[in-house]
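Here is a friendly walk through a model you can follow on screen. Have the sequence and the 3D view open side by side as you read.

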Amino acid sequence: MHAPSPMALLLIAIVVLVLFGRGKVSSLMGEVGKGITAFKKGVKDGAEEDKAEPKELELNSPDDIAKARAELAAERAKLDAERARMTTDAGLRDVTPTDQNKL
């Protein structure tokens, strides 16, 4: 399959402008630009997060050990709550009627 000619692309652009108007097309392109920027920022933040060194804990006293256990228990509770929420969301089903006559 070959690429469309420049004349065909120009014709498509004119049709889009006539159908949607200049304001709608420019706002749509602005939203696309914002989305690309947000995506790049997210990728950059994710890469920085992966490079972060895990912190070393110094557990010298019983208080330090108790604090570390409490942090682990809180993290585990948070993960369990997230897992329960995901299970609940997966259990929801679509109840939209498929037959228009039943409405």
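## Confidence and ground rules

Over the protein chain the average is 81, and 78% of the residues score at least 70. Where pLDDT is low, the predicted coordinates should not be read in detail.

This is a predicted model, in which local features need pLDDT of at least 70 and side-chain atom pairs count only at pLDDT 80 or more, while totals for chains, interfaces and linings use all residues. Residues are numbered from 1 along each chain as its sequence is written, and side-chain values use heavy atoms, with hydrogens and water left out.

## Overall layout

The protein chain holds three helices and zero strands, giving the pattern α-α-α when read along the sequence. Helices (H or I, at least four residues) and strands (E, at least two) are DSSP runs, numbered from the N terminus.

How many of the 103 residues count as buried? The share is 1%, where buried means under 20% relative accessible area, exposed over 50%, and partly exposed in between (1.4 Å probe, protein chains only). The protein chain exposes about 10000 Å², with carbon and sulfur atoms supplying 63% of it. Accessible areas come from the Shrake-Rupley method with a 1.4 Å probe, and for residues only the protein chains shown count as cover.

H1 has 15 residues and spans 21 Å from its first C-alpha to its last, close to the 21 Å expected at 1.5 Å a residue. That expected span is 1.5 Å times one less than the number of residues. Just after H1 comes Gly-21, which takes a positive phi of about 85 degrees.

Now look at the surface: Leu-9, Leu-11, Ile-12, Val-15, Val-16, Leu-19 and Phe-20 form a nonpolar patch there, with about 680 Å² of accessible area together. Ile-12, one of these patch residues, sits in H1 (residues 6–20). Patches are made of residues with over 30% relative accessible area and no salt bridge; nonpolar side chains (Val, Leu, Ile, Met, Phe, Trp, Tyr) are joined within 5 Å, like charges within 9 Å.

The structure holds four salt bridges, each a side-chain nitrogen of Lys or Arg within 4 Å of a carboxyl oxygen of Asp or Glu. One of them joins Glu-31 and Lys-34 (3.9 Å, N to O). These two residues are three apart in helix H2 (residues 22–51), so about one helical turn separates them. Lys-34 is exposed, at 56% relative accessible area.

Helix H3 (residues 62–91) carries both Glu-75 and Lys-78, three residues apart, and their side chains meet at 3.8 Å, N to O. Glu-75 is partly exposed at 38%, whereas Lys-78 is exposed at 55%. Also in H3 and three residues apart are Arg-83 and Asp-80, whose salt bridge is 3.1 Å, N to O. Arg-83 is exposed at 52%, and Asp-80 is partly exposed at 37%. An α-helix has 3.6 residues a turn, so residues three or four places apart point the same way.

How values were computed: pLDDT is the predictor's confidence in each residue, from 0 to 100.
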